[in-house]
Amino acid sequence: MDAVLSLTRSRPGAGRLVPLLLIAAALGFLLLFLLLPLAAVFVEALRKGLGTYTAALVHPEAIAAIKLTLLVAAIAVPLNTVFGVAAAWAMTRFAFRGKALLGALIDLPFSVSPVVSGLIYVLLFGAQGWFGPWLLEHDIKLIFAVPGLVLATIFVTLPFVARELIPLMQSQGSDEEEAARVLGAGGWQIFFRVTLPNIKWALLYGVLLCNARAMGEFGAVSVVSGHIRGLTNTLPLHVEILYNDYNYAGAFAVASLLAFLALITLGLKTFLEWRYGSELAAKAPRGH
Amino acid sequence: MFITLRQTLLGSLLWLGAIAAQAADPSLLNVSYDPTRELYKDVNAAFAAQWKADKGETVTINASHGGSGKQARSVIDGLEADVVTLALAYDIDAVAEKGLIAPDWQKRLPHNSTPYTSTIVFLVRKGNPKGIKDWNDLIKPGVEVITPNPKTSGGARWNYLAAWGYALKQPGGNEAKAKEFVAALFKNVPVLDTGARGSTTTFVQRGIGDVLLAWENEALLARQELGKDEFEIVVPSLSILAEPPVAVVDKVVDRRGTRAVAEAYLKFLYSPAAQDIAGRHYYRPYDAAAAAKYASVFTKVNTFTIDAEFGGWKKAQATHFADGGVFDQLGVGK
């Protein structure tokens with residue numbers, strides 16, 4: 001800061017002032033809209049002391065919500081990782097009819113409101129939905145149970161991995177894979193020895209974002225949850241319930257868990273960008 | 001490979017077996033409306049203790065809370081409720097119309113299947129700065145009224161009908177004047193939440209509005225939880241007798257084999273023990289002993305009933321809250 005100030009002092013003028021103002025505006029904005037709410041979460045969570053804080057986190061319903069959130073993410077994230085890699089591979093390595101359509105479909109969950117994403121599943125699998133009577137007859141519960149939460153989460157987090165990989169794989173091109181093929185490598189060999197090492201950091205980045213969204217999703221899971229305490233409430237839903245129970249300290253305590261998750265995600269993301277920036281950026285030149 | 005597969009299968013079977021073993025101890029899902037969270041937490045514990053003493057089984061009672069209309073919709077869409085304890089009879093009728101509950105459900109338990117009652121009162125800020133005493137103070141310019149959305153919330157429908165009934169019963173009151181009155185009231189509503197609890201937090205926590213139209217139990221609880229010194233309860237000259245009924249969801253209990261425990265659970269609501277819990281949570285109990293014990297909590301309110309003034313919930317729902325009904329004609333939010 002001192003250095004910046006001394007610089008401006010030594011060479012005064014509008015040319016230096018404008019960037020400074022812009023930096024100040026950006027920092028002020030960040031402080032007001034990101035850091036302040038984040039700080040508020042922790043302050044509110046600890047308002048009634050550490051005892052209340054930990055009590056809210058080890059409450060059976062909170063534990064159940066944590067377990068459920070982890071379970072949902074543990075199913076949705078790997079599935080979307082496999083899908084994302086397959087979709088990116090298909091989109092960037094092959095020319096086929098309907099490629100543009102596939103691209104648009106991958107983006108669909110981004111453009112649809114999460115509430116609608118949830119409602120789609122109620123309309124399909126709810127008791128009055130298209131497949132509802134059949135599911136009821138066979139005693140299969142999808143909506144208002146864990147499978148519904150998983151389905152809704154998969155839907156909203158579907159684009160993350162694919163969207164991270166497609167630009168990178170496009171800019172990388174298929175030269176190395178073709179070379180491997182010429183040298184006699186099989187399909188899986190090419191994938192594991194050439195493609196995967198080339199995309200691994202971008203893949204990790206996509207998985208990270210996918211996981212953050214899977215654990216934090218509220219709208220879509222709210223519609224299909226049924227809000228049964230201790231059974232179908234994920235962490236974000238549990239926060240809402242506690243807040244409405246007049247248990248504000250508890251609500252913010254659980255919210256601080258989600259904030260921690262965000263901070264960890266942010267930290268890992270920054271680390272990846274710093275360490276492997278050139279391999280993440282789609283258009284960066286490939287060092288050889 | 002094959003061993004792993006077989007192990008996996010075996011594991012799955014054991015897991016299924018574990019689930020089957022758990023099924024021996026019954027569980028119930030009570031799908032309820034918004035403000036009953038605290039009430040049923042205590043009722044469930046008391047019932048589980050009694051069931052354990054009587055039958056030796058550990059019964060788990062799960063709870064789901066939300067706006068009454070929304071909860072009914074979820075049950076219709078497949079939320080597997082063994083019992084519904086909703087804000088008003090029409091929401092249970094809606095579930096019954098889909099064939100999940102027998103049409104005569106309201107005759108199966110005493111008092112029209114209503115174990116406790118409540119009414120609609122006003123919650124105002126300390127010192128009642130806007131001087132709100134009765135319904136006609138709510139339509140004055142500059143008074144902000146907080147109520148949930150009658151489309152999704154049961155409490156909001158009671159609020160609306162209480163206001164309507166008040167206007168109707170004023171000297172020279174008629175349907176047209178009542179409609180005008182309620183339209184003026186909703187013009188003063190800045191936020192429509194989906195459930196009663198959402199409205200309470202809007203008023204109490206977010207500090208929006210001058211007066212909250214609330215269930216009496218919700219107003220008393222909010223005052224108790226969030227500051228006796230910050231809020232005052234105003235009882236209007238006339239209000240509605242709010243009857244939140246209960247029913248066993250026949251289709252679900254027959255499929256899950258939980259009819260006996262579900263029916264016992266609802267009967268338990270009428271027992272002296274549960275009536276006492278209801279009184280403690282600011283619901284007006286029917287049981288004489290409980291009513292006497294908590295008499296000092298409740299102010300005497302002049303009430304009318306939905307059956308007498310509106311010809312029952314089915315008619316009131318069709319006239320006022322159905323798509324294109326009177327509430328839609330008020331143009332709220334436009």
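This is a predicted model: local features need pLDDT of at least 70, side-chain atom pairs count only at pLDDT 80 or more; totals for chains, interfaces and linings use all residues.
Reader: What makes Ser113(B) count as buried?

Author: Ser113(B) has a relative accessible area of 1%, and buried means under 20% (exposed is over 50%, partly exposed in between, with a 1.4 Å probe and protein chains only). Ser113(B) is therefore buried.

Reader: And why is Asn128(B) called buried?

Author: Its relative accessible area is 16%, so Asn128(B) also falls under the 20% limit.

Reader: What is phi in these two residues?

Author: Most residues other than glycine have a negative phi. Ser113(B) has a positive phi near 60°, and Asn128(B) has one of about 45°.

Reader: What makes a space a cavity?

Author: On a 1 Å grid over the protein atoms alone, a 1.4 Å probe fits at its points but cannot get out; lining residues have an atom within 4 Å of a point. Points are joined across faces, edges and corners, and the volume is the space filled by probe spheres set on them.

Reader: Which residues lie nearest the centre of the largest cavity?

Author: Of its 16 lining residues, these are Leu136(A), Ile140(A), Lys141(A), Leu142(A) and Gly78(B).

Reader: What is the volume of the second largest cavity?

Author: About 50 Å³. Its lining includes Trp215(B) and Glu218(B).

Author: On conventions, residues are numbered from 1 along each chain as its sequence is written, and chains are lettered from A and ligands numbered from 1 in the order written. Local features need pLDDT of at least 70, side-chain atom pairs count only at pLDDT 80 or more, totals for chains, interfaces and linings use all residues, and side-chain values use heavy atoms, leaving out hydrogens and water.

Technical notes. On a 1 Å grid over the protein atoms alone, a cavity is a set of points where a 1.4 Å probe fits but cannot get out, and a pocket is an open set with protein on both sides within 12 Å along at least five of seven lines; lining residues have an atom within 4 Å of a point.
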